[in-house]
Amino acid sequence: MSPAATPVLKGDNGTPSASLAAVYGAAKALGLESLYLNLGYWADPPADYDAAAAALVDQVAAAAGIGEGDVVLDAGFGFGDQDIRWAERLKPERIIGVNVIPEQIEAAKARVKAAGLEGRVELHQADATRLPVPTGSVTRVVAVESALHFDSRADFFSEAYRVLDHGGRLALADIVPRRDRPLVAKVVDLLAARLWAIPAENLYDLDTYASRLEQAGFVDIEVRDLSQEVFVGFGKHVMEMLGDPDAVKRLGLETLLQWHQSTLAVLQFQYVLVSARKPGLPLAAADVASPRRGGRRTKSAPSGE
């Protein structure tokens with residue numbers, strides 16, 4: 001939802017408008033040593049923004065259960081920081097990233113190459129609602145502050161369900177309107193939709209969010225409200241940066257004010273960490289457990305759930 005969040009919007013051949021590409025460029029990145037574009041996780045006061053942003057993607061990876069042997073689809077990979085971190089630390093078999101911002105894709109590919117991860121991290125220009133991977137071919141799907149930009153988020157849920165193997169997990173760091181927000185919030189919704197490139201169809205509360213996941217076929221839906229850990233901590237950090245002449249000089253007052261606008265979301269929106277599972281056994285485990293193979297379903301292989 002931030003002005004620097006990574007959108008993966010529906011468009012011809014996965015190509016974003018020039019205005020979107022301008023809004024979500026590298027100049028918006030707050031880090032000194034990274035190009036993360038998320039709001040950060042500030043529960044245990046991190047040393048700096050870079051650490052907070054890394055902590056947030058760690059939260060998403062944990063919710064998804066990413067580990068050795070997984071094939072991960074990352075919808076909206078930004079400048080590649082999270083995929084490099086996950087590949088190096090969690091050792092999944094492969095990460096497939098999709099994005100529609102050419103600047104991000106080009107930079108991320110160069111950074112993946114520099115990290116020596118070209119064989120394990122594949123980055124593509126593609127739309128998150130038309131994923132370029134076969135049905136049932138991945139074990140984890142993740143989206144870090146990007147699904148609210150998809151046109152539509154519900155279409156992405158359906159695509160995530162399609163590409164996941166049975167037993168696979170979806171995990172999202174996402175932002176939704178609060179249930180109890182006042183009627184005037186509808187005006188704020190319209191402004192937010194214009195400012196942050198959010199399709200109006202995606203402006204629904206958490207109850208509807210869960211329903212859309214269920215309609216796509218997901219089960220075991222879990223939600224954590226991280227509004228305090230994300231919005232509040234990030235807001236304090238931005239205010240500190242606005243008072244730091246070096247930060248203002250490095251990033252520009254306009255960029256910091258745009259980020260500051262994001263911190264106002266705490267009044268109208270919730271920041272949530274959502275996970276869900278595609279029902280069934282992974283195909284490999286199902287083959288082993290099949291009575292035709294002489295297997296026993298009570299001995300199915302663990303799926304990392």
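1. Helices, as the term is used here, are DSSP runs of H or I spanning at least four residues, numbered from the N terminus. Helix α10, which covers residues 253–263, is one such run, and L253 belongs to it. The model under review is predicted.

2. Overall composition. The protein contains eleven helices and seven strands. Of its 305 residues, 53% are buried. Among contacts with a separation of 6 or more, 75% are between residues 24 or more positions apart.

3. The sheet. Seven strands form an open sheet with mixed pairing, in the order β3-β2-β1-β4-β5-β7-β6. From one strand to the next, the twist averages 15°.

4. The β4–β5 pair. Strands β4 and β5 are paired in the parallel sense, and six bridges join them. One of the residues concerned is V144, whose bridge partner in β5 is A173.

5. Helix α4 on the sheet. Helix α4 (residues 102–114) packs on the sheet, where it touches β2 (94–99) and β3. The direction of α4 makes about 165° with that of β3.

6. Helix α5 on the sheet. Helix α5 lies across β1, β4 and β5, and runs at about 160° to β5. Within this helix (residues 153–163), the buried residues are R153, A154, F156, F157, E159, A160 and V163. These buried residues pack against β1 (71–75), β4 (138–144) and β5 (164–177), and also against helix α7 (206–216). As background to the spacing of such positions, an α-helix has 3.6 residues a turn, so residues three or four places apart point the same way.

7. Is L253 buried, exposed or partly exposed? Its relative accessibility is 47%. Buried requires under 20% and exposed requires over 50%, with partly exposed in between; L253 therefore counts as partly exposed. When residues up to four places away in sequence are not counted, L253 touches L242 and V248. L253 and L242 are eleven residues apart in sequence, and their C-alpha atoms are 7.5 Å apart in space.

Conventions
Residues numbered from 1 in each chain as written. Predicted model: local features only at pLDDT ≥ 70, side-chain atom pairs only at ≥ 80, totals over all residues. Heavy atoms only, no water. Helix = DSSP H or I, 4+ residues; strand = E, 2+ residues; numbered from the N terminus. Buried < 20%, exposed > 50% of the residue type's maximum accessible area, 1.4 Å probe, protein only. Contact = heavy atoms within 4.5 Å. Pairing = 2+ DSSP bridges. Axes fitted to C-alpha atoms, helices over the stretch in contact; angles between N-to-C directions.
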